[in-house]
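Welcome, and please open the model in your viewer. We will go from selection to selection, with a short note on what to look for at each stop.

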Amino acid sequence: MVDISPVAVPQISPNEELATIVEWAHAEGDEVGKGEVIATLETTKSVFEVSAPANGFLVPLYERGAEVPVTGTIALVSSNPLTRVEAEQWLAEAAREAEREPEESGSRIASERNWTYKAQIVAERHGVDLEEVPAGDGRISEEDVLRYVEQQAQPSPADYHDLMDDQYPTGRSRILIIGGGDGAVQVVDVLAHAHRQRAVAIVDDAESLQGKLIRGVPIVGQIDYGQIAQMYEEDHFDAAVISISTLIPLREQIFLELKERGIPFANVIHPSAVIGANVTLGEGNVIMAFCHIGPCATLGNNNFLSVYCSVEHHGTLGNHCSFGPGVVTSSRVHFGDRVRCGTGIFIEPKVTIGADAVIGSGCIIRGDVPEHALLKSRMNYTIRQR
């Protein structure tokens with residue numbers, strides 16, 4: 001009997017849905033040992049290794065550079081060598097087995113009710129009470145549920161008139177936050193400490209967040225460029241800021257799309273941050289607590305700096321970059337556009353980091369980094385065992 005163990009992509013972060021295969025440590029058919037590193041993967045927040053779950057022969061299911069779903073199967077480890085075709089046949093059969101029992105059980109339960117099993121799944125996904133869904137033709141179908149979801153009115157932007165700020169204006173800018181995840185929690189917290197800004201609304205594409213609050217700030221709709229432009233024209237906010245920190249292509253796209261529609265962006269800076277003399281700031285930058293921007297430094301547009309970051313004097317930062325906590329540069333370091341840095345990174349003076357580079361956590365950079373480069377530090381290895 002052939003024993004087959006799937007190799008799944010681990011859930012490194014609860015907000016990550018996709019990962020990219022950076023490299024395979026072994027070729028197809030190689031014999032590997034349990035716990036041996038077989039692949040390196042990258043998400044928007046980290047670079048990590050995947051190990052073999054058992055002893056056996058490796059069958060990769062994707063090529064290097066492929067984008068794969070988090071928790072999905074990327075390879076098999078088999079007690080006997082398998083071809084790629086045999087591996088795919090095994091996966092297909094495993095998928096059929098997984099679907100068979102729920103379908104049979106669901107069909108039996110659904111027959112006792114006024115909806116199909118697929119309608120029940122879609123309703124659970126959208127948080128819909130099936131008792132409220134009208135049936136189009138006898139029993140409620142998947143299409144009926146989807147039609148019901150579409151017909152539900154999106155939460156309309158509330159009337160944000162404030163009895164204090166609007167009647168006794170002091171110049172507090174009203175900020176629309178784009179993105180309602182963990183980044184929004186951070187931005188709302190920064191704005192709660194700000195004297196000249198206040199958060200008035202949040203937009204996010206997640207249906208589960210619609211109508212909810214983050215520290216009293218309402219999530220009023222999806223990231224709809226037309227709706228946001230209308231909100232601005234109707235004087236519901238003064239400027240926007242993007243809280244999505246690590247999905248750089250999306251962050252850049254939102255910024256450029258809204259700039260085309262004339263939406264101004266605000267720099268949101270925690271009061272504990274230190275901004276040196278003669279610093280040049282673009283717009284849409286988020287600078288978290290205890291950051292330091294040295295004198296004569298230049299920051300472009302739409303950058304996200306997590307806590308304890310430092311861009312030292314005469315340094316330059318391009319557009320749409322994202323830094324994790326504790327990224328520290330020496331003087332005259334230059335970053336291109338869309339650079340993503342992990343956590344705990346130190347950069348020597350006069351180094352240039354090319355556009356679209358990814359710097360993994362824990363790196364110490366002493367020389368220039370070319371565009372599109374991926375740097376990774378060897379971490380968590382054992383020096384001595386007892």
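**Stop one: a sheet**

Begin by selecting Thr20, which stands opposite Glu42 in β4. A word on what is on screen: this is a predicted model, in which local features need pLDDT of at least 70 and side-chain atom pairs count only at pLDDT 80 or more, while totals for chains, interfaces and linings use all residues. Residues are numbered from 1 along each chain as its sequence is written, and side-chain values use heavy atoms, with hydrogens and water left out.

Now widen the selection to residues 18-24, strand β2, and residues 37-42, strand β4: they pair in the antiparallel sense over four bridges. Strands here are DSSP runs of E with at least two residues, helices are runs of H or I with at least four, and both are numbered from the N terminus. Two strands pair if DSSP finds at least two bridges between them.

Which strands complete this open sheet? The order is β5-β4-β2-β7, with antiparallel pairing. Select 47-51 for β5 and 67-69 for β7 to see the edge strands, each of which pairs on one side only.

**Stop two: helix α5**

Next, select residues 225-233, helix α5, and show the side chains of Tyr225, Gln227, Ile228, Ala229 and Met231, its buried residues. Buried means under 20% relative accessible area, exposed over 50%, and partly exposed in between, with a 1.4 Å probe and protein chains only.

At the N-terminal end, Asp224 is the cap, with a side-chain oxygen 3.0 Å from the backbone nitrogen of Gly226. Just after α5 comes Asp235, with a positive phi of about 65 degrees.

**Stop three: aromatic pairs**

Rings of Phe, Tyr and Trp (its six-membered ring) pair if their centres lie within 6.5 Å; planes under 30 degrees apart count as stacked, over 60 as edge-to-face and the rest as tilted. By this rule there are four aromatic pairs. Select Phe255 and Phe265: their ring centres are 4.6 Å apart and their planes are at 45 degrees, so the pair is tilted. Phe255 sits in helix α6 and Phe265 in the loop between α6 and β14 (268-269), 10 residues apart. Phe255 is buried at 4% relative accessible area, and Phe265 is buried at 7%.

Finish with Phe323 and Phe335, a tilted pair at 5.1 Å centre to centre and 55 degrees between the planes. Phe323 belongs to strand β23 (residues 322-323) and Phe335 to strand β25 (residues 334-335).

Key: A polar contact is a pair of N or O atoms within 3.5 Å; within protein, one must be able to donate a hydrogen and the other to accept it, and residues adjacent in sequence count only if both atoms are side-chain atoms.
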